Amino acid sequence: MNALWGRIGIAGVAVAAVAYVAMQMFILPDPQPGTDFTKTAYDENGNVLTGPTTVGQLIQYVLRYNPAAMSGPVTITDVLSANQTYVPNTIVAPDWTISTPEYNANTEVYSHPGLGPTNFTLSIPAVTGTVGLKVGTGDGYEPVPVVTSTGTKVFGIHHHMPSGGSDPRIMCWYGGSLAACNSSYPMMAGVGAERRATPDLPHASVWQKKIYYPAARYYGSTNNNNQVIELGMGCWDAENDVPCPFVLLPGNPVINTGSNPISAYTGTLLDGYVTGVRADPANPSRLYVYALDKLYCVDVALPGAPTCAGWTIQTVSPDSSLGRSRDMFVEENGTRLFISNTLPRVFCYELASGATCNGWAATGTTGGATMATTFLGPGIDSSGAMTAICIVQGFNASNFKCIDIATSAAVNNMWPASMSTQRIFSAYHLPNTAKVLFPAYLGMAGANSKCYDFAANAYCTPFTPYWDNNGPWTDSGGNPASYVGDYGFAVDPQAPDTCIYGLGDGGTLVRFNPDGTEAKGSCVPQTYAETFSADDQYCFAKPTEATWTNLDILNRPGGLTGGTIVIKDSAGTVLQTITVGSGNTYAVNLSAVGLNSAVTIEFTPTYAGNTPPTTDYQLRLGYETDEMPQICYKTTIESCGEVSNHAVLDNEGSLIEADVNLGMVEGEECSLIGDCLELTSTLTSLGGSGTLTLTLSGPPSVTPTVVRVTTQTGGVIVTNSEQTFSTGQTVGTWALTGLVTGTVVTFKIDAVEQGGGSKPGTDLCCSTTVKHTVSEEDIVIEEPPVVVTDDDNPPPPPPVCEKRSTKLEGDECACRYEGMTRKSATACSCPSGQTLVAGEGCVKKKLQCDKWSTKAKGETCQCLYPGMSRISKTECGCPNGQILVEGVGCVVPKVPEKPKQTDKPVVKPDLPVKKEEPVVTPPVTPPAPECEKGMELKDGKCVKESSFFGDVLDNVQFGVGVGGGGRKSSSPSAPID
């Protein structure tokens, strides 16, 4: 367990398709002061980074916060130094809303509506209201329900809206009450000056409470006729009711509008350029868009929304007329994606790869519709299984054609003949049934939506929509209903079998049962569920211990008589079952095994009279963990200067600061002017604390505006390390803690002059170092100034340091590189076996292999020819009796034979012995002159060396191996016997 934090109990919220369980944050016990909000810098490998840094270096920042110590709302303002650049798409901030564009002007604001025991909850909302409600204006299209922390919200994206003054709008209703989600709706869909246009069919998909829809964008009124707009996906944050960044498609497809105003690109005109967005049912973060004759798949779960893994961008044969793309439909519970254009033709592609489906031609299959307004819908069999894709013509009596999804062949009688005269706009298959709803669209009296039961091969019985397109019904706001003009339907994710929403051209949301009657209590989920993992709150350091401790029912309604709470692990195994009685607190005590351990809470309530409550209430799951939740992102150092970060957490006016200061960027391009401060420093110490006093002045024409003191000694802390100096100020004091008696404390002193930096990007003009020994008593230790002005008692001049191996620190020459040892007061040397390389330090000496007999391999010298043996680390020699010939190897030399002795003296026996003559000493011969290399002595003179072995080895350069070794040269230096 982390001793700094103690045991921290923190709860968070994971996004789920069905979710109304409150997750509560709390702490046991309270953290130590100052630990509720921290910030730390790490290098690329996850190691704590304290400096120094270099240009181009990547930094990972991690903000940690303790939600149990917060109330709400909470904001964090995070500011980077100007020489850092935020790495796009690296922010990970679970449950926080971030300002966009991210780190604009190096500032980011994170906001949260409320942390802490009473605010961080998910609500089980009341269900009120009966019939539909029109709020705001049209022009709606199809309902998009999203489960949020406040229950189901139903959104409507206005279709065929222009870029410009009447930007596309987003409408939102609470599914439980049919009231507007807030008074600001309907709201603009763009971000800031950005403008977005929508096509006629803005099909939308939801990923982690964000709605993605097909759109085009441009920026600001000044670009209204800039002739280029970008195609991609708009995004809306359903949880926080704000737009999120536009998603560009790979390759950034654009429309070049020529002289036409961009605002003209609406309705079917924009349909010809972009449509979608549909999701892969098995991988809902993979979203498909059909734009400018190409079919894209992007994965919004990954930073930057890149092309989906395994997907090849497909080119679709364009229509020769204005319109190209039209509609998209994903096979129900299948693996295929269908698209249509306005020829009309239908195409089929594999969801995983983009390849053309088996049984389908790459050029598609001709559809039956004759108008440009063509739509795709499912053709199902009597069991409710989708077996065909049908292309439908809207706005008139239907002209449709169904195509077998497996073979691409036409399917006859797929749609009932009785539907052929109906105004069919699209088709919506009710999940888990054999029923299909057909919206009515046009505002004609009695023109209600239809339902057909393919199992019975007849109209659904009963199906009596309580709404029609002209009245006489009145909506929940008391307003006489105009036409609904319903385009599409969607089930409530929390009550998919009993609650359906409808939306259309009139901008009125209707809520109904499968038989068409008004829905209220049937929209209450039978079981509320939430999957939660403590791991969700951690983007850097994951918890090693986590325990779910208790479950509370908050704001319990009087009508809640009981129920069952089931807790399951990630594999679906039941861990605990709780029977709800009259109590509101229940022990859980479940340990999390592994960092990714998760629990799912399923709650099935029972109500008196089977009537849902009229007020919200919550479930709260508490847990303990040894880590605080985090916010993470990355930056890159772009230039010289000080690398810093300043973050402030505002908890309802209570501010907590968390700073990171990595000092000045180092490197040759960021070198400073040098040791230019003229100062006197004193240290007053008492126990473990003390005061550093500096009296200083800058060099001529330099007026320091800021003086920064940083400790170079571990354990010593400088309070208020950076102080601003007013004009004329020469003395500053810095409080110290962590002093240890008898130790030498080193401080680095930096002076800043606005605009006085030696390199672009930095204002640091002067730097020096001072050292003090911490005294045993409460005394003042005064060091001599770096520069003393008393001419009568001048200080000794600073030592002249050997620049190659040392650098001046204070009044001493310190070794320049790690691992060096002091050789003298002004010079250092490398350890044995190493050599000094400028700019690199001590490096291991490399062997200088003898080029005649060896070659370098790794860190050794190996013999160059076979038969040779090593005679040193860098040389090899030939065996006895052989010589080394360059390019040949070891050879036996051919030595000329000595001439035979034929004349021998004859001794005659009877001759008398002659008397010996006296010995005469010959005259002394002077020594032979010593010849230079490449010369030899001949006839008492030094002449150029000649071949020793005659014709056999004439003019061959070689070395001589004497006794298997010896130095080699181009000619032998001695004869060989």
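Leucine 437 stands opposite cysteine 451 of strand β35, strands being DSSP runs (E) of at least two residues, numbered from the N terminus. The structure is a predicted model, in which local features require pLDDT of at least 70 and side-chain atom pairs count only at pLDDT 80 or more, while totals for chains, interfaces and linings use all residues. Residues are numbered from 1 along each chain as its sequence is written, and side-chain values use heavy atoms, with hydrogens and water left out.

Strand β34 (residues 435-438) pairs with strand β35 (residues 450-453) in the antiparallel sense over 4 bridges, where pairing requires that DSSP finds at least two bridges between two strands. Both belong to an open sheet of 4 strands with antiparallel pairing, in the order β33-β34-β35-β36. Because β33 (428-429) and β36 (458-459) stand at the edges and each has a single partner strand, one side of each is left without a neighbour in the sheet.

Aromatic pairs were assigned to rings of Phe, Tyr and Trp (its six-membered ring) with centres within 6.5 Å, planes under 30 degrees apart counting as stacked, over 60 as edge-to-face and the rest as tilted. By this rule the count comes to 15 aromatic pairs. The rings of phenylalanine 338 and tryptophan 360 have centres 5.9 Å apart and planes at 55 degrees, so this pair is tilted. Since phenylalanine 338 lies in strand β26 (residues 336-341) and tryptophan 360 in the loop between β27 (345-350) and β28 (365-366), the pair ties together parts that are 22 residues apart in sequence. Phenylalanine 338 and tryptophan 360 are both buried, that is, under 20% relative accessible area, whereas exposed means over 50% and partly exposed in between (1.4 Å probe, protein chains only).

One aromatic cluster is formed by Tyr61, Tyr86, Tyr103 and Tyr633. Lysine 39 lies over the face of tyrosine 61, at 4.7 Å from the ring centre; a charge is placed over a ring if NZ of Lys or CZ of Arg is within 6 Å of the ring centre and within 35 degrees of the ring normal.
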